Amino acid sequence: MNDTSLSRRNIDFVLHDWLQIDKKADRETVDAILDLSERLAADQFLTHYKAADIEEPYLRDGRVHIHPAIGVALRQYAELGLFSASFPERHGGMELPYSVCAASFAIFAAANISTAAYPMLTVANARLIATFGQESQIETFAKPQIAGRWFGTMCLSEPQAGSSLDEVRTRAVFDQSDQLGERYRLSGNKMWISGGDQDVSENIVHLVLAKIPLADDSLPKGTAGLSLFIVPKILPDESRNDIRVAGLNHKMGYRGTANCLLNFGEEAGAVGWLIGEPGQGLRQMFMMMNEARISVGIGAAAIAGRSYQLATTYARERLQGRETGTGEREQVPIIRHADIKHMLLQQKSYVEGALALTLYCARLVDEASSDADSDALLGLLTPVAKTWSSEYGLSANDIAIQIHGGYGYTRDFDVEQLWRDNRLNPIHEGTTGIQAKDLLGRKILKDGEGIPILGRKIAATVGEAAAHSHFKEQAASLAEAWSSIEHAITTLSGFHQSKVFDNATPFLRLFGHVVVAWLWLEQALVTLRLDHLGDSRNDFVDGKRRACHFFYEFELPQALALLPAICAGSDVASGAAAEIF
């Protein structure tokens with residue numbers, strides 16, 4: 001049972017039939033990449049999924065050691081060119097669309113998220129350097145990562161500064177200029193650094209947020225004082241940089257990913273090179289953070305997808321109980337019970353909704369550089385893709401355990417570990433509350449460019465769906481739901497600043513459900529246009545349509561029930577005194 005991964009049929013449907021990725025990449029090439037990803041994921045990633053969870057990274061003599069199978073898998077990943085797939089040829093890449101690479105990543109994340117995390121961070125690190133770094137920095141620090149020989153990290157948080165990056169205390173003092181740019185000496189502590197140290201890559205490139213002291217040696221206030229530095233573990237002269245592992249964080253999931261507390265500059269100061277101009281660090285880092293947010297959402301959808309596949313397989317094989325009302329005396333597979341079917345449809349609606357949302361955002365990444373509407377829509381949907389997928393992907397994992405019954409919460413079945421892995425994702429790259437404030441505050445009330453664009457797209461879908469008898473009710477429901485969103489935005493825009501974020505998280509959940517309802521109707525409409533599937537009663541088509549109907553009948557109404565409290569400015573939570581808890 002544990003060799004089940006994602007539905008390739010669904011990935012092909014999303015990429016080719018719905019997103020029509022063939023317009024950007026040759027289908028034969030895309031299918032070859034996905035075939036390759038499936039084989040490598042099954043042969044080298046899935047095979048140590050449980051072993052890396054049991055045999056966690058450990059610290060010995062100042063170095064972190066991870067499960068050796070991780071190194072073997074990632075060397076093959078590099079040899080097959082998967083680190084470089086999305087990069088331009090001038091940087092040694094294959095120039096594949098990001099959406100194709102995102103689908104490939106989903107396959108690896110489903111098989112083993114903790115091993116897949118290393119290339120995910122490395123690719124995002126290299127892309128940032130390739131975008132903002134000078135040519136010598138790209139050549140020295142980005143290209144070895146694009147080749148998969150070196151790995152990369154992002155070093156933002158500190159023990160006292162998690163999400164509040166204005167509290168960063170890491171200092172960067174100018175040292176000298178050389179062929180790699182302005183060189184600084186860094187000192188400070190960084191916390192929660194995934195891949196912060198390991199023994200499988202030749203080098204590790206840390207991207208570190210730090211502050212350059214003012215003339216009086218004080219640190220500048222706020223995030224405007226943050227600058228970004230390239231700080232390698234091994235310096236170009238092959239000497240060890242002044243970076244020490246102070247400890248390991250032992251998480252409940254992603255256990256194969258070494259998560260470190262790093263001390264920079266215990267002696268002379270860690271050597272780092274400034275990227276771009278001083279004070280631009282957070283703006284530059286947002287590129288990596290936003291890529292990571294989409295990747296977290298994809299990973300969450302993938303983990304949930306594998307749990308759904310396992311639950312479906314188990315439900316087909318597990319004999320328990322008799323089917324109600326049939327008079328049968330023999331036990332039947334539990335998939336014949338209405339309760340199990342309900343749970344499986346709920347899982348499916350979350351899993352395939354999350355995958356559609358995240359791969360849609362990946363396609364927007366491909367279009368954003370040349371299309372302003374796509375760029376605005378990507379900005380609007382990024383916090384939704386990260387949060388909705390991680391929150392409801394986790395719910396899908398929870399359902400998988402329930403379907404497995406008592407076996408589900410034992411370590412003999414992967415659904416228990418998959419739940420633990422996915423539990424990290426609502427926190428990764430900014431908690432749900434932080435994403436909610438970003439969505440409502442920055443992306444809607446402050447900017448707002450993406451809302452009319454999304455509204456036009458939803459209206460087009462409603463118009464198309466209303467013309468088909470299959471989806472008239474869903475079209476009406478979606479139109480009403482979007483109208484409710486617009487009403488909520490108008491209402492919230494009139495709130496005093498001190499009140500506007502009181503119910504930001506419920507608003508994000510409502511908004512996310514409406515967006516996913518739109519994407520479900522989009523997918524359902526595509527099934528009407530699939531000539532190559534033949535019979536309209538095809539199981540795949542029926543599954544898509546039923547999941548769409550399920551989402552509209554059971555999920556969307558629950559989300560819309562949040563609307564009155566949001567628009568009334570409920571203070572049942574925000575007005576509670578701290579003493580009551």
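Trainee: What volume does the largest cavity have?
Mentor: About 210 Å³ in this predicted model.

Trainee: Which residues are closest to its centre?
Mentor: Tyr77, Cys101, Ala102, Phe105 and Val123, out of 16 residues that line the largest cavity.

Trainee: And which elements give two or more residues to that lining?
Mentor: Helix H5 (98–111), helix H6 (113–132) and helix H8 (281–317). The largest share is from H5, with five residues.

Trainee: How does the lining of the largest cavity divide by class?
Mentor: There are 11 nonpolar, three polar and two charged residues.

Trainee: How many cavities of 30 Å³ or more are there?
Mentor: Four. The second largest cavity holds about 80 Å³ of space.

Trainee: What lines the second largest cavity?
Mentor: Glu56 and Pro57, together with Leu248, Asn249, His250, Lys251, Gly253, Tyr254, Arg255, Thr257, Ala258 and Asn259. By class, the lining of the second largest cavity has four nonpolar, five polar and three charged residues.

Trainee: On to pockets. What is the volume of the largest pocket?
Mentor: About 1300 Å³. Its lining has 45 residues, and Ser163, Ile427, Glu429, Gly430 and Thr431 lie nearest the centre.

Trainee: Which element gives the most to that lining?
Mentor: H8, with seven residues. H6, strand E5 (181–194) and helix H12 (432–447) are also among the elements that each supply at least two. The lining of the largest pocket has 21 nonpolar, 15 polar and nine charged residues.

Trainee: And the second largest pocket, what volume does that have?
Mentor: About 1100 Å³. The second largest pocket is lined by 30 residues, with Met287, Val365, Ala368, Asp375 and Leu378 nearest its centre.

Trainee: Which elements each supply at least two residues there?
Mentor: H8, H9, helix H10 (372–404) and H12. The classes in the lining of the second largest pocket are 12 nonpolar, six polar and 12 charged.

Trainee: Change of topic: helix packing. At what angle do H1 and H9 pack?
Mentor: About 40°, with the axes of helix H1 (residues 8–18) and helix H9 (residues 338–368) 11 Å apart. H1 and H9 are therefore oblique to each other.

Trainee: Is the crossing left-handed or right-handed?
Mentor: H1 passes H9 in a right-handed crossing.

Trainee: Which residues meet there?
Mentor: From H1, Asn10, Ile11, Val14, Leu15 and Trp18; from H9, Glu352, Leu355, Ala356, Leu359 and Tyr360. By class, that contact of H1 with H9 has eight nonpolar, one polar and one charged residues.

Conventions:
Residues are numbered from 1 along each chain as its sequence is written. This is a predicted model: local features need pLDDT of at least 70, side-chain atom pairs count only at pLDDT 80 or more; totals for chains, interfaces and linings use all residues. Side-chain values use heavy atoms; hydrogens and water are left out. On a 1 Å grid over the protein atoms alone, a cavity is a set of points where a 1.4 Å probe fits but cannot get out, and a pocket is an open set with protein on both sides within 12 Å along at least five of seven lines; lining residues have an atom within 4 Å of a point. Grid points are joined across faces, edges and corners, and a volume is the space filled by probe spheres set on the points. Helices (H or I, at least four residues) and strands (E, at least two) are DSSP runs, numbered from the N terminus. Ala, Val, Leu, Ile, Met, Phe, Trp, Tyr, Cys and Pro count as nonpolar, Asp, Glu, Lys and Arg as charged, and the others, Gly among them, as polar. Axes are lines fitted to C-alpha atoms, for helices over the stretch in contact, and angles run from 0 to 180 degrees between N-to-C directions. Angles under 35 degrees count as roughly parallel, over 145 as roughly antiparallel, 65 to 115 as roughly perpendicular and the rest as oblique. A crossing is left-handed if the near helix is turned anticlockwise from the far one by less than a right angle, and right-handed if clockwise. Contact means heavy atoms within 4.5 Å.
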